[in-house]
Amino acid sequence: MTASPASDDDKVVLNNPKPVPRPGTWISAAIVTVLGAMLIHGLVTNEKFHWSTVWFFLREVHVVKAVGWTLLLTFMAMAIGIVLAVTTAIQRQSSNPVLRWVALAYLWFFRGTPIYTQLVFWGALSALYQKLSLGVPFGPELLTFKTTTVFTPFVAAMLGLGINEGAYLSEIVRSGLNSVDKGQSEAAGALGMSKGQILRRIVLPQAMRVIVPPTGNETISMLKTTSLVLAVPFTLDLTFVTNSYASLTYQIIPLLIVAAIWYIIITSILMVGQHYIERYYGRGFDSNKASASSGRGLSARQQAILNAHTTKDDPFLEVTP
């Protein structure tokens, strides 16, 4: 007996659902909007903020140069910190006990003392050692140079910030390396890859998904930590320059606003860059099919394969219990 085709009256009629009214959401949004407008009105109309002074010093030549020095100091210190972090994280996983204990001693000291105290010692290095030399311990000196000619205030500030940052980034890198399944390293080793190749081609690319977000936060934190380099002393950073102008003009609040605006601008740019770097290293780990179908983060060849519909969304679906 064959079933008769369904008539028009038997067709399923879908409901037309209406959104549930949420008056609390609209009321809270209205309250927040009013409070925000009141805050902006209070900032703009208050003459004590001296917005004309803020606008003048925001574009002042020495302030702009100070922004450049602050950015240079931030990125150089982070570069040193990343190199030390990767090196220390690898040493902690080494089978050599000497390397492990050296890495632990480095972490213990530089994480256990305040950054300001470390910067003071870096600034006093030329007073503690008038000259530095390279040679045989307790033997002849092969190379000798004055400390003041090499360890300038900028170099001392850069090393102080970078070496301290490396101790904190080391734990981030170590957690990222540990997040990669050990079986992948074993499989790569079975294929004949060396430990260096396994680290560069297998482990690090996958660990970056875990390493990048906290490293981006550390970079933003480093940007504001540069305000402590007065302890060296390094006097070309943004905080010192704006404070100097505030002392000369007695316009403390406007110059603080100038520094805050520049820090917010740089932080916003770094956050955008962090977002794109996270999305780049997160390709292949996102299980959201909607983002995969939209083609974001895919190459032209990958998108062409998806558009051809010759592959399944989940190729392991049929064999996964």
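Predicted model: local features only at pLDDT ≥ 70, side-chain atom pairs only at ≥ 80, totals over all residues.
Residues are numbered from 1 along each chain as its sequence is written, and side-chain values use heavy atoms, with hydrogens and water left out.

The protein has a mean pLDDT of 81, with 83% of its residues reaching 70 or more, where pLDDT is the predictor's confidence in each residue, from 0 to 100. Its secondary structure comprises 14 helices and 2 strands; these elements are DSSP runs numbered from the N terminus, with helices being H or I runs of at least four residues and strands being E runs of at least two. Confidence is highest in helix H3, at a mean of 92, and lowest in helix H13 (residues 289-293), at 43. Over residues 289-295 the pLDDT is below 50, and this stretch has 7 contacts in the model beyond near neighbours in sequence, a contact being heavy atoms within 4.5 Å. The pLDDT also stays under 50 over residues 315-321, for which the model holds 1 contact beyond four places in sequence. Of the contacts between residues at least 6 apart in sequence, 70% join residues at least 24 apart. Among the 321 residues of the protein, 26% are buried, where buried means under 20% relative accessible area, exposed over 50%, and partly exposed in between, for a 1.4 Å probe and protein chains only.

The largest nonpolar core contains 34 residues, of which Leu 73 and Leu 161 touch the most other members; such a core is a set of buried Ala, Val, Leu, Ile, Met, Phe, Trp, Tyr and Cys residues joined through side-chain atoms within 4.5 Å. At least two residues of this core come from each of helix H3 (61-92), helix H4 (97-112), helix H5 (115-123), helix H8 (153-178) and helix H10 (195-225), and H8 gives the most, with 11 residues. When neighbours within four places in sequence are left aside, Leu 161 is in contact with Leu 73, Ala 77, Ile 115, Leu 119, Met 222, Thr 225, Thr 226 and Val 229. A second, separate core has 20 residues, including Leu 58, Val 241, Ile 257 and Ala 259.

Helix H8 also holds Ser 170, which counts as buried because its relative accessibility is 0%. Beyond its neighbours within four places in sequence, Ser 170 is in contact with Ala 85, Thr 88, Ala 89 and Leu 107. In helix H4 lies Leu 104, which counts as partly exposed because its relative accessibility is 34%. The C-alpha atoms of Leu 104 and Ala 167 are separated by 9.5 Å, although these residues are 63 residues apart along the chain.

The second largest pocket has a volume of about 510 Å³. On a 1 Å grid over the protein atoms alone, a pocket is an open set of points, where a 1.4 Å probe fits, with protein on both sides within 12 Å along at least five of seven lines, and lining residues have an atom within 4 Å of a point. Grid points are joined across faces, edges and corners, and the volume is the space filled by probe spheres set on the points. Of the 14 lining residues, Ile 90, Gln 93, Lys 195, Ile 198 and Leu 199 are the closest to the centre of this pocket. Helix H9 (182-190) and H10 each supply at least two residues of the lining, and the largest share, 4 residues, comes from H10. The lining divides into 6 nonpolar, 4 polar and 4 charged residues, with Ala, Val, Leu, Ile, Met, Phe, Trp, Tyr, Cys and Pro counted as nonpolar, Asp, Glu, Lys and Arg as charged, and the others, Gly among them, as polar.

Most residues other than glycine have a negative phi, and most peptide bonds are trans.
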